[in-house]
Amino acid sequence: MRRPSSGRRGWLGALALVLLGMAIALGGTAGLHATNRTEFCITCHEMKDNNFAEYSHTIHARNRTGVQAGCGDCHVPHEFPDVLWRKLGAVKDIVGHFSGEIDTPERFEQHRLALAQQVWQRMKATDSRECRSCHNVQAMDPELQGKTAQKQHKRLATEGKTCIDCHFGIAHKEPAGAEPADLDAAASAPSGT
């Protein structure tokens, strides 16, 4: 039996590397998509018993048109590499789950404000990027909105506001004690006071 020539071995090695790279990329992509599904998110009882229970009665879960936004639609960027960075940042949620930090409704409530503030900060920093994946301000018809909504939506362009500034309790219970506007005040407060 003849042994393959060194040129042929190099070609076969390169082909094996390409195939391995494709398998890793496809597996990684499938993993990212699978972990963006609401069904995956609610495998942790903290999410199922708290956030999902609240969400399931909101307009993002049930509405007249049947359009539904799941956990990943609102909490995970849709573009690469942002989605990857968000997944890496979610490791703290896994730590919270296994450490017992938020494993009971009472403990979850103790941390609700801090958890919400982390989401609000991320959304403010990205100009509510995930909201804008579905909601297009330019496509909104102000004539179909109430007077307050019309006024507030004008502020998006003129005052640098973003979706989360007003819609922070749209899918989950609002935590007692703060709202996203408080983040602006804290950021602009002089240090050392």
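## A walk through the helices

Leaving aside neighbours within four places in sequence, Gln150 is in contact with Pro142, Glu143 and Gln145, where contact means heavy atoms within 4.5 Å. Gln150 sits in helix H9, residues 147-158; helices here are DSSP runs of H or I with at least four residues, and strands are runs of E with at least two, numbered from the N terminus. With a relative accessible area of 18%, Gln150 is buried. For that label the cut-offs are under 20% relative accessible area for buried, over 50% for exposed and anything in between for partly exposed, using a 1.4 Å probe and protein chains only.

Before going on, some housekeeping. This is a predicted model, in which local features need pLDDT of at least 70 and side-chain atom pairs count only at pLDDT 80 or more, while totals for chains, interfaces and linings use all residues. Residues are numbered from 1 along each chain as its sequence is written, and side-chain values use heavy atoms, with hydrogens and water left out.

Now to helix H3, which covers residues 45-55 and has Glu46, Asn50, Asn51, Glu54 and Tyr55 as its buried residues. Look down the axis of H3 and those buried residues fall within an arc of 120 degrees, so they line one face of the helix; the arc is taken from the directions that run from the helix axis to the C-beta atoms. As background, an α-helix has 3.6 residues a turn, so residues three or four places apart point the same way. What do the buried residues of H3 pack against? Their partners are helix H6 (91-99) and helix H7 (105-125).

Step off H3 and you come to Thr58, in the loop between H3 and H4. Thr58 is buried as well, at a relative accessible area of 13%. A polar atom of its side chain lies 2.8 Å from the backbone oxygen of Tyr55. That pair is a polar contact, meaning N or O atoms within 3.5 Å; within protein, one must be able to donate a hydrogen and the other to accept it, and residues adjacent in sequence count only if both atoms are side-chain atoms. Setting aside residues up to four places away in sequence, Thr58 also touches Ile170 and Ala171.

Helix H1 (6-35), helix H2 (38-41) and helix H4 (71-75) each give two or more residues to the lining. By type, the lining divides into 6 nonpolar, 8 polar and 4 charged residues, with Ala, Val, Leu, Ile, Met, Phe, Trp, Tyr, Cys and Pro counted as nonpolar, Asp, Glu, Lys and Arg as charged, and the others, Gly among them, as polar.

Most residues other than glycine have a negative phi, and most peptide bonds are trans. Phe80 and Pro81, however, are joined by a cis peptide bond with omega about 10 degrees, and Pro81 lies in the loop between H4 and helix H5 (82-89). Asp127, not a glycine, has a positive phi of about 55 degrees, and Ser128 has a positive phi near 50 degrees. Asp127 lies in the loop between H7 and helix H8 (129-132), and Ser128 is found in that loop between H7 and H8 too. Are these two buried or exposed? Asp127 is partly exposed at 37%, while Ser128 is buried at 0% relative accessibility.

Cys131 and His167 are 36 residues apart in sequence and 9.9 Å apart in space, C-alpha to C-alpha.
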